[in-house]
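Subject: Structure handover and notes

Dear colleague,

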Amino acid sequence: MKNTFVNKVRGLLICVLFIASTLLASHAWGNPLPNNLSLNSIQQQIKGKVVDVNGVPIAGVSIQIKNTNKGSVSDFDGSYSILAQPTDVLVFSALGYEIQEIVISNQTTINVSLKEDVTTLDAVTINAGYYSVSEKERTGNISRITTKDIELQPIVSPLQALQGRMPGIEVSQLNGMPGANPVIRIRGRNSLRDDGNLPLYVVDGVPINAAEVDAFGLYAISGIDPLSNLNSANIESIEVLKDADATSIYGSRGANGVVLISTKKGRAGKTRLNLNSYSGVGTISKTLDMLHTEDYLEMRQEAFSNENKTPTASNAPDLLLWDQNRYTDWQEKLLGNTAFISDVQASLSGGSENTSFLFGLGHHTESLVFPGDFGYKKFTGNLNLNHTSSDNRFRLSVSSSYGIDTNNNFNANQFIENAITLAPNAPALYNKDGSLNWENSTWSNPAADLLKIQKIRTENLVINAVVQYELFSRFWAKLNMGYTTYHSDALAKDPISSKNPEFEQENNAQRDTGKRESYILEPQLNYSVSFGKSELEALAGVTFQKSNSNRLLISGQGFVDESMMENFAAAERQSFLLQDDREYAYNAAFGRLAYHWNHTYFLNLTGRRDGSSRFGPGRKFGNFGALGTAWIFSNTEFVQQGFPFLSFGKLRGSYGTTGNDQISDYGYYDTYQPTNGTGGLYPTQLANPDYSWEVNKKLELAGEFGFFKDRLMVSASWYRNRSSNQLVGYSLPALTGFTSIQANLPATVENRGWELQLTGSNIQGKDFNWNTSLNITFPENELLEFENIEESSYANRYRVGHSLNSILLYHNLGVDTETGIYVMDDVNGDDRFDYEDRTVIQDMGRQYYGGLNNSIRYKGFSLDFFFQFVKQKGRNYLSLFSTPGRDVHNQPNLVMDRWQEVGDASDIQKFSVSSAAYNAYNRAAISDASLTDASFIRLRTISLSYQMPSTFLGHSGLDSIRLYLHGQNLLTITGYDGLDPESASYGSLRNLPPLRMITGGIQLTF
């Protein structure tokens, strides 16, 4: 508790110090200029409004003082303000509009009307990590979404905002619990290891550990998302780097792609207060059609009758002891609550021409759909401070974000499954006195889980500072510094009150605490020079990064009272289940050389030499690099004259290498642990100092085309990534005393595919605008080679020439018309069923996926709706449920079409309590009969908003008012019979599907 208090105080002190420095800076730099300056050098505040040719305000317009980096941006109502001199020239630019320059002269109010011109791709600047590049001139493959796609969504993790919106990016939310870790794959799975496919997360220049945080209950399925503490409303943009040209400068950390998260920055101008609040409700998005009591009892009775067996009180309490007329919809009772969502955001921004700031606070709460007072809360604070010297040679940027989330839930490991499979005539949960009803010990009461309270608390602090100084013209020295610390504390209680009093019990609890801490220091030099029609940019830098992590898992048994279960000193017995302390050091040198001629031909060279403490002597360093090229052929006279409908055309390509060091620390050492007695040690790991880097070779070819003044933009990318020298835990025979040893395997994995993207301005009218964007990806994954795989421990998991996402299945021959049970193909005829009989190889990866977005504007109204679509296979009821009729478990309605008598033709075997039927069903559950089409189209988001006209605001003191209504996961079109097609390939009933949410809110700017 002491450490928790100290951490809170530390985070608050940091925010207070930053606010104080901002206020002092604003005061110091706001002093009047000396009297001896000329009138032309006196700055004045320029105000105005930016609209389109129809008079509709344009938000997000960049207003820049020409030949400087000083600027502002227009607000929701198109208004702006900026400090400038009479001799300055203001440059107004926005994507989709012509750039306009205006000399200030003696004007103090400048209203601007921008003409439509969607050819201004130069107006969009893409964050490539160590450098920036315009959308038009980039040579790498970088996808981007901005705050307008993120801030209004009722999401906890910023990764959820990526679902379906970017080609080549798969984000699957397998667990609908708030704060649960989503699965993200950038251009497929490169490594044989599940934990070797994580991308690099970088928040404002600070790397974040991408591994999920371990926890209990439902969170044990997916882990906790390390980004859940971030405030999604404070994110300016998310860029995802995919190809070699974009990722090689990150070296070993870029093998699986890079996710760059940039937070919002302060803007020069008057101090503005922005308030945003929404609230709403959420319900489970789907329930299953299960048997009612009459059909359920018929199933159970028929299962005994088919085997000529008599039910007993021990194996059939549902038939002999429970009320035969009782019916409870357990899904409605246990999962049918309404979750309430509330979110409040406040930010204060402004500053002078040289110094700007942004300070924000956020609070997000969600209750859960389960019975009881359970929920999720998140508090966030962020601060950004930017300063530029008057001569524009010195620049300082400091940003910090601090987040705390707490999750009060319960041991829901099997709760969702129980809610689906409980017998419909199961007893009541509670007795008349409110105590748990154990019905004479004839069942396990699911309400007992609600008393097994779990508390999970995490906090995250990210601080970044960037200092730049121009040593001489266009030659900059830069220093990027960052620090991040992440704490987690998970407590799981197992009290006596949750247990059947017929048996002797005691109070038990577990606590899992962890800490991740990382420092980074990156000095850099940047230089650019122009000569004739050529321009050359050079970048060189080094990285010093050090990370520490520790984890402690303890168990306490025999607490005297439930109220003392958070104090492990009160336990009769304590045991340390896991104690782990690790240190990771990483150093690198990196560089970039970029050249372009006449803004037409581009060449981009990037490279990095990495050193990692995870490899043994002589293996610690690896070299990685890439070459990217591009040709904007639409700049040629031939295209401009011969193809006037082609407004933009670019061909680009890249090839290069990245590495991968996502393995455990100290893997090349012999490690030992003390014995339970005194003076003894026993080995826990075999040494292997010879393994080295995984290498990922990436190739890409792409074309980007704009038609009819870029009203229609089309891009197509073909990629091929090959990951070799696979780092895995190589399995060993048990007689060696160890289960595995870290090693390189002679295996090569290839990901290849096509990414297509289309953006269209369908209608651009006076009052009505309609824009559409579509992306689709066709991925392929293949294990190209694996020497002697038949002799390895992976012989029963992977097949050369097939996807790593493949599963090995029996071939189902159907239901025997004589016996009524499933029959599998015994391929080798040995009357046994093993992996030699699993001849069906099914790729469970996505065949294609993408998204379709439409944005419609009519005067002050805006309607945006986004559909995500996926083509894939999934696991059906055979993998989700147990043998029909055998146990006290409910079944889906479809099982009533079962085999009943000799000669029946059915796809569903008979109801039975026999071992033969049980074994046959289990084989069918891992056969091709368990496959189904799990494709889906989901209305992921829909938003309706209204921007009140400025004339309505009058003298209220408000700059803008925006009202909005948002829907999340409102509609899913699918033939899949499970809870959620998104997790269909996993075949489980333990995952909470994403909630269907409706929220409404208001956004105010003062």
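The model is a predicted one, in which local features need pLDDT of at least 70 and side-chain atom pairs count only at pLDDT 80 or more, while totals for chains, interfaces and linings use all residues. Residues are numbered from 1 along each chain as its sequence is written, and side-chain values use heavy atoms, with hydrogens and water left out.

Confidence

The mean pLDDT of the protein (the predictor's confidence in each residue, from 0 to 100) is 88, and 92% of the residues reach 70 or more. Helices and strands here are DSSP runs numbered from the N terminus, where a helix is H or I with at least four residues and a strand is E with at least two. Confidence is lowest in helix 1 (residues 2-28), with a mean of 39, and highest in helix 4 (residues 293-306), with 97. Over residues 1-40 pLDDT stays under 50, and for this stretch the model has 35 contacts beyond four places in sequence, a contact being heavy atoms within 4.5 Å. Where pLDDT is low, the predicted coordinates should not be read in detail.

Sheets and strand pairs

Two strands are said to pair if DSSP finds at least two bridges between them. On that basis, four strands form an open sheet in the order 3-2-5-7, with antiparallel pairing. Its edge strands, each pairing on one side only, are strand 3 (71-73) and strand 7 (100-103). Within this sheet, strand 5 (residues 89-93) is joined to strand 7 by four bridges in the antiparallel sense, and Leu90 stands opposite Ile102 in strand 7.

An open sheet of five strands has the order 12-17-18-15-16, and its pairing is mixed. Strand 12 (142-146) and strand 16 (206-208) are its edges, each pairing on one side only. Strand 17 (residues 235-241) pairs with strand 18 (residues 258-263) over six bridges in the antiparallel sense, and Val240 has Val259 of strand 18 as its bridge partner.

Strand 19 (residues 269-284) has two antiparallel partners to note: strand 20 (residues 339-351), over 12 bridges, and strand 50 (residues 995-1005), over 11 bridges. Val281 stands opposite Phe340 in strand 20, whereas Tyr278 has Gly1001 in strand 50 as its bridge partner.

A loop with positive phi values

Most residues other than glycine have a negative phi, and most peptide bonds are trans. Phe708, which lies in the loop between strand 34 (694-707) and strand 35 (712-724), has a positive phi of about 55 degrees although it is not a glycine. Asp710 is placed in the loop between strand 34 and strand 35 as well, and has a positive phi of about 65 degrees, again without being a glycine. Which of these residues are buried or exposed? Phe708 is exposed, with a relative accessible area of 51%, and Asp710 is buried, at 4%; buried means under 20% relative accessible area, exposed over 50% and partly exposed in between, with a 1.4 Å probe and protein chains only.

Cores and helix 10

A nonpolar core is a set of buried Ala, Val, Leu, Ile, Met, Phe, Trp, Tyr and Cys residues joined through side-chain atoms within 4.5 Å. The largest one has 80 residues, and those with the most contacts inside it include Met177, Phe370, Phe415 and Tyr822. Helix 4 gives the most to this core, with five residues. Apart from it lies another core, of 25 residues, among them Leu159, Met166, Ile184 and Val259.

In helix 10 (residues 915-924), the buried residues are Ala917, Ala920, Tyr921 and Ala924. They cover an arc of only 100 degrees around the axis (taken from the directions from the helix axis to the C-beta atoms), so they sit on the same side of helix 10. These buried residues pack against strand 42 (822-824) and helix 9 (877-880).

With best regards
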